[in-house]
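Subject: Structure for your files

Hello,

Here is the structure I said I would send, with the sequence alongside. My notes on it follow below.

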Amino acid sequence: MNVSSLCCTVPWHVYQLSTTCTALSTVYAMFSTSLYVLTGFVAWGGVIGTAAQSIVTEDVTFYGQSPPVYPSPNGTGSGDWADAYSKAQALVAQMTLEEKVNLTGGIDADSSCSGIIPAIERLNFTGLCLSDAGNGVRTTNFASSWASGISVGASWNRELAHKRAVGMAGEFRAKGVHIALGPVVGPLGRITTSGRNWEGFSNDPYLCGALASETVRGMQSVGVATSTKHFIANEQETNRNPEGNVTAVSSNIDDKTIHELYLWPFQDAVKAGTVNIMCSYNRINNSYGCANSKTQNGLLKTELGFQGFVVSDWGAQHAGVATALAGLDMVMPSATPRWGSSLTEAVNNGSVPESRIDDMATRIIAAWYKMGQDEGFPAIGQGMPADLSQPHQRVIAKSGSNKQVLLQGAVESHVLLKNTDNALPLKSPKLISLFGYSAKSFDLYTPGAGGWNGGQESLAPADLIPNGGDVIHTQIAANGTLISGGGSGANMPAYVSSPAQALSERAYEDDTNMWWDFHSGNPEVDQSSDACIVVGNAFASEGWDRVGLHDDFTDALITNVASQCNNTIVVFHNAGVRLVDQFIDHPNVTALIFAHLPGQDSGRALTSILYGDANPSGKLPYSIPRNESDYGALRNETQPDGIYELFPQSDFSEGIFIDYRAFDAQNITPRYEFGFGLSYTTFSFSDLQLSEVEGVDTSSYPSKPIVEGGHEDLWDVLAKVSATVTNTGSVAGAEVAQLYVGIPNGPVKQLRGFEKPILDPGESTVVEFELTRRDLSTWDVVAQNWLLQEGDYAISVGSSSRDLPLTGTLTV
């Protein structure tokens, strides 16, 4: 949702939404789908021409770049939707046109629900509360701060992702929230500095999709609907919305790339049963996400067979009739000015067929029935007052039964990247010196205080510097430990266990002494220190993109401490990639941990790892290069410039080559590769076994009917892979066994499986992977289908994307 809805005392980027409703142009009809197919998505530069080099001032220049797909397909109630659709159709048949239209747009209410659909009391429809977000319920009390999406990605743990989802959904349900606005699978993470990467799981579509799938299943098992977002190619915050006379950025993306990268995790979420998809702020091939018939009618509702409904991001609707025809089903936060009575008028004058309204209403009501929200669901938005400082109903959503899941989520958020001479775990230290602004808790946390509900509690005044009508952002949050990123994806801690607090408690238990300094960039160090721990962070937020990937203050702090302490342990709470080459080779920097965004149990989790009570098992869900330049054009967001200064154009010309795919293709050696992470024990891999499944159809294209998620036979298992993992060390630990496949005519390798066994010293286990038709296919832009090629497929298994000791070949 839009950050302008957050209650903060510091400026946010608040975008003025254009009120111009762009009509559907007859120019669309001139661009055939066949042209689109043959060229992928036709390159915008080739259509526009640049000979005159004059500034583009009219949107008509871009008409036809996103192919038209009409009409919007009606939901069919296929699969496990049948009963819900039957009930929904019966209820909708009793509604007046005005009642059906009222289901499609939000209303103002005295509530901190992000959006509310009004009740229809005469039909016993209770209404809907939609609320932020994918990392826990926001803008309320008596809830929990769960580990953020990026931390779930670092865990590489399907089971833990599912348990987290169940726990979070219980809190949403207790608060009377029908639809949780998450999980996030877009942005995927194309732009390294993108402000919202931390809300999602990984920039690898397979890992992202697998964890999103578990999140959807877990949350919806509790009867809370998921709103998987932001659909689609929403990869930067800069110019995500129109501002003044500058439109939102256009993600110019080809057909193959959108299928193999950005649609992939949405497909997993649809397959898992998500009942709602949120369309995005940006434009896709110069058509706004919530008015894009190709992505909504074509990709989502036709190709993926999506039976649920599409809701706009908050303020992302820029047309009325056009969005209705393009597949949008619900607009937030308000139906006015483009829908509401205007949508009723559009039906009455023939601009929108009433059958489209019937489909919108049926999809929305069917989702309500499918989640079982028609019976026994808590009152809408209970315990979610608009103002917590006023008398209100107290609803305690958090549960003691979630304590272990919250803590384990925080523990597995941590990735151990360096551990020279077994500096960790700590061995009965007598003196610990603790440094860094992210070691302490933030100073202020009360309702209405600066950033209290937007993840900004850790920002110091100097981190957001007014500059006329804009704000200058720094890279860190200097006012305390970072437990989440900023924006609508933030969550509400019941308490905060900071590193300083948790280490102090451990010092009490062990009779250890401590020194600390949370402010100085060049602190004095006691030379009798057994260990010096430096805790910094890297902040990111909705509403703006990060200004860099490392900051000079923290790098200098680390090297200053390391110059005085021969056992310097560095910890980052990082909302994304953080470069480390300014200090990582210093001989006195003995250990490095990326803690990511662990939630309210941050300090307790870190201390358990530092002392060896927990064995780190996290792995990087992205790569860490040695230098910003390794990213090339994908380091920073696209800015309005040149002839497109009024219509920012972001070309996805790199295709499917982002992160490790790009580094592999360009022969770039990262500092720490995708999937890397150390343990306090060691593991070996052996006995790779490959087998084809007998009797399965291996023809070139899937042919079975479309179910939710696409052609049914995309999910057929074609081959099986197994390997033996052995704990060769002296302590128990978990290893992430990773399977990579080299698909002919594609990247050298792509993640296609992972398992995370826990093994005692000397114990072995066999990990098994199933490869589906989809896993082994590539998108054919001519056939408009997934192509299973004949040939040899390279199979690799190991502990990271560049440590793959087991290799073999699968022949199709």
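**Notes on the model**

Pro-337 sits in the loop between helix 11 (321-325) and helix 12 (341-348); helices (H or I, at least four residues) and strands (E, at least two) are DSSP runs, numbered from the N terminus. The peptide bond leading from Thr-336 into Pro-337 is cis, with omega near 10°. This is a predicted model, in which local features need pLDDT of at least 70 and side-chain atom pairs count only at pLDDT 80 or more, while totals for chains, interfaces and linings use all residues. Residues are numbered from 1 along each chain as its sequence is written, and side-chain values use heavy atoms, with hydrogens and water left out.

**Backbone**

Ile-232 belongs to the loop between strand 4 (225-231) and strand 5 (250-252). For background, most peptide bonds are trans, and most residues other than glycine have a negative phi.

Two aspartates have a positive phi. For Asp-421 the value is near 50°, and for Asp-687 it is about 55°. Asp-421 lies in the loop between strand 10 (415-419) and strand 11 (431-435), whereas Asp-687 is in strand 19 (residues 683-692). Asp-421 is exposed, at 74% relative accessible area, and Asp-687 is partly exposed, at 46%. Here buried means under 20% relative accessible area, exposed over 50%, and partly exposed in between (1.4 Å probe, protein chains only).

The axes of helix 3 (residues 82-92) and helix 13 (residues 354-370) come within 8 Å and cross at roughly 130°. Helix 3 is therefore oblique to helix 13. Axes are lines fitted to C-alpha atoms, for helices over the stretch in contact, and angles run from 0 to 180 degrees between N-to-C directions. Angles under 35 degrees count as roughly parallel, over 145 as roughly antiparallel, 65 to 115 as roughly perpendicular and the rest as oblique. The residues that meet include Ala-84, Tyr-85 and Leu-91 of helix 3 and Ala-361, Ile-365 and Trp-368 of helix 13, contact meaning heavy atoms within 4.5 Å. By class, this contact has 10 nonpolar, 2 polar and 4 charged residues. Ala, Val, Leu, Ile, Met, Phe, Trp, Tyr, Cys and Pro count as nonpolar, Asp, Glu, Lys and Arg as charged, and the others, Gly among them, as polar.

Helix 14 (residues 403-411) and helix 17 (residues 602-610) also have axes that come within 8 Å, crossing at roughly 60°. Helix 14 is thus oblique to helix 17. Leu-407, Ala-410 and Val-411 of helix 14 make the contact with Arg-604, Ala-605, Ser-608 and Ile-609 of helix 17. Its residues divide into 5 nonpolar, 1 polar and 1 charged.

**Buried residues**

Helix 8 (residues 255-262) is largely enclosed by the rest of the structure, because 7 of its 8 residues are buried. Among them are Asp-255, His-259 and Glu-260. Asp-254 caps the N-terminal end of helix 8, with a side-chain oxygen 3.1 Å from the backbone nitrogen of Lys-256.

Which side chain does that of Asp-268 make a polar contact with? The partner is Arg-774, at 2.8 Å. A polar contact is a pair of N or O atoms within 3.5 Å; within protein, one must be able to donate a hydrogen and the other to accept it, and residues adjacent in sequence count only if both atoms are side-chain atoms. Asp-268 is in helix 9 (residues 264-272) and is buried, at 11% relative accessible area.

Arg-283, in strand 7 (residues 283-284), is buried at 1% relative accessibility. Its side chain has a polar contact of 3.2 Å with that of Asp-59.

Tyr-660, in helix 18 (residues 659-665), is buried at 2% relative accessibility. A polar contact of 2.7 Å joins its side chain to that of Asp-204. The C-alpha atoms of Tyr-660 and Phe-674, 14 residues apart along the chain, are separated by 6.4 Å.

Gly-127 lies in the loop between strand 1 (115-117) and strand 2 (128-131) and is buried, at 0% relative accessibility. Beyond its neighbours within four places in sequence, Gly-127 is in contact with Ile-117, Pro-118, Ala-119, His-178 and Ile-380.

Regards
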